[in-house]
Amino acid sequence: MCTLFKKKKLKAFSHKAHMKIGDVIIIAILVLASFLPIVIFYFQQDQNQGQAEEATEKSAIVRIDGKEVDRFSLNKDNAVQKTYHPADGKYNIVEVRDGQARVKEDNSPDQIAVNTGWISEPGETSICLPHKLVIEIYEEDAEDTYIY
């Protein structure tokens with residue numbers, strides 16, 4: 001009885017919508033096919049990331065006023081904390097640990113670089129404008145992401 005009621009309801013809906021069963025099948029196939037690029041790109045990106053992590057060297061580059069002053073490897077297990085004095089009365093404490101880097105502390109008024117937090121992916125930056133200090137994550141053989 002229940003299936004008969006559902007069939008009648010489905011027929012009435014399809015008759016009112018001027019749709020046939022073939023139309024419903026085609027729409028369903030198109031909806032499912034629309035998700036295919038997402039699946040393909042997901043697996044392709046995952047595979048490329050695995051290869052990139054194994055083969056390339058990732059570094060955190062510290063620049064003051066556009067000039068490179070330090071470079072720390074993010075592939076090694078090292079913990080570094082270093083203080084920079086870009087000008088008289090100014091300081092930035094940069095910390096590198098567990099494959100990531102950050103400005104731990106500085107005496108700039110807005111604390112934007114400190115609030116940026118940890119960065120670890122190629123192209124990410126932490127910038128302290130008043131002190132002209134930039135930390136950038138750089139990866140060998142990656143697209144050019146140099147900041148001028």
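Select Arg-63 first: at 8% relative accessibility, this residue counts as buried, the term buried meaning under 20% relative accessible area, exposed over 50%, and partly exposed in between (1.4 Å probe, protein chains only). The model is a predicted one, in which local features need pLDDT of at least 70 and side-chain atom pairs count only at pLDDT 80 or more, while totals for chains, interfaces and linings use all residues. Residues are numbered from 1 along each chain as its sequence is written, and side-chain values use heavy atoms, with hydrogens and water left out.

Glu-136 and Arg-63 form a salt bridge, with the closest N and O atoms 2.8 Å apart; a salt bridge is a side-chain nitrogen of Lys or Arg within 4 Å of a carboxyl oxygen of Asp or Glu. This pair links distant parts of the chain, since Glu-136 lies in strand E7 and Arg-63 in strand E1 (residues 58-64), 73 residues apart. Glu-136 also counts as buried, at 1% relative accessibility.

Next, colour the strands. Helices (H or I, at least four residues) and strands (E, at least two) are DSSP runs, numbered from the N terminus. In which order do the 4 strands of the open sheet stand? The order is E2-E1-E7-E6, and the pairing is antiparallel; two strands pair if DSSP finds at least two bridges between them. Strand E2 (67-73) and strand E6 (125-128) stand at the edges with a single partner strand each, so one side of each is left without a neighbour in the sheet. From one strand to the next, the twist averages 20 degrees, where axes are lines fitted to C-alpha atoms (for helices over the stretch in contact) and angles run from 0 to 180 degrees between N-to-C directions.

Remain with this sheet and select E6 together with strand E7 (residues 133-139): the two pair in the antiparallel sense over 4 bridges. Thr-125 has Glu-136 in E7 as its bridge partner.

Move to Lys-58, which is placed in strand E1. Lys-58 is buried yet has no salt bridge. Glu-121 is the nearest side chain of opposite charge, 4.3 Å away, with Lys and Arg counted as positive and Asp and Glu as negative, while His and the chain ends are not counted. Show the surroundings of Lys-58: leaving aside neighbours within four places in sequence, its contacts include Phe-72, Ser-73, Leu-74, Pro-122, Ile-137 and Tyr-138, contact meaning heavy atoms within 4.5 Å.

Turn now to another sheet. Here 3 strands form an open sheet in the order E3-E4-E5, again with antiparallel pairing. Strand E3 (80-84) and strand E5 (100-106) stand at the edges, each with a single partner strand, so one side of each has no neighbour in the sheet. In this sheet the twist averages 20 degrees from one strand to the next. Strand E4 (residues 92-97) and E5 pair in the antiparallel sense over 6 bridges.

Select Arg-97, which stands opposite Gln-100 in E5. Arg-97 is partly exposed, with a relative accessible area of 33%. Its side chain meets that of Glu-95 in a salt bridge (3.5 Å, N to O); Glu-95 is buried, with a relative accessible area of 7%. Arg-97 also forms a salt bridge with Asp-98, the closest N and O atoms being 4.0 Å apart. Asp-98 counts as exposed, at 63% relative accessibility. Salt bridges that share partners join Glu-95, Arg-97, Asp-98 and Arg-102 into one network.

For the next stop, select the aromatic residues. A search of the whole structure finds 1 aromatic pair. The rings of Tyr-42 and Phe-43 have their centres 5.3 Å apart and their planes at 70 degrees, so this pair is edge-to-face. Rings of Phe, Tyr and Trp (its six-membered ring) pair if their centres lie within 6.5 Å, and planes under 30 degrees apart count as stacked, over 60 as edge-to-face and the rest as tilted. Both Tyr-42 and Phe-43 are exposed.

Finally, display the whole chain. It holds 4 helices and 7 strands, and from the N terminus on the elements run α-α-α-β-β-β-β-β-α-β-β. Of its 148 residues, 24% count as buried.
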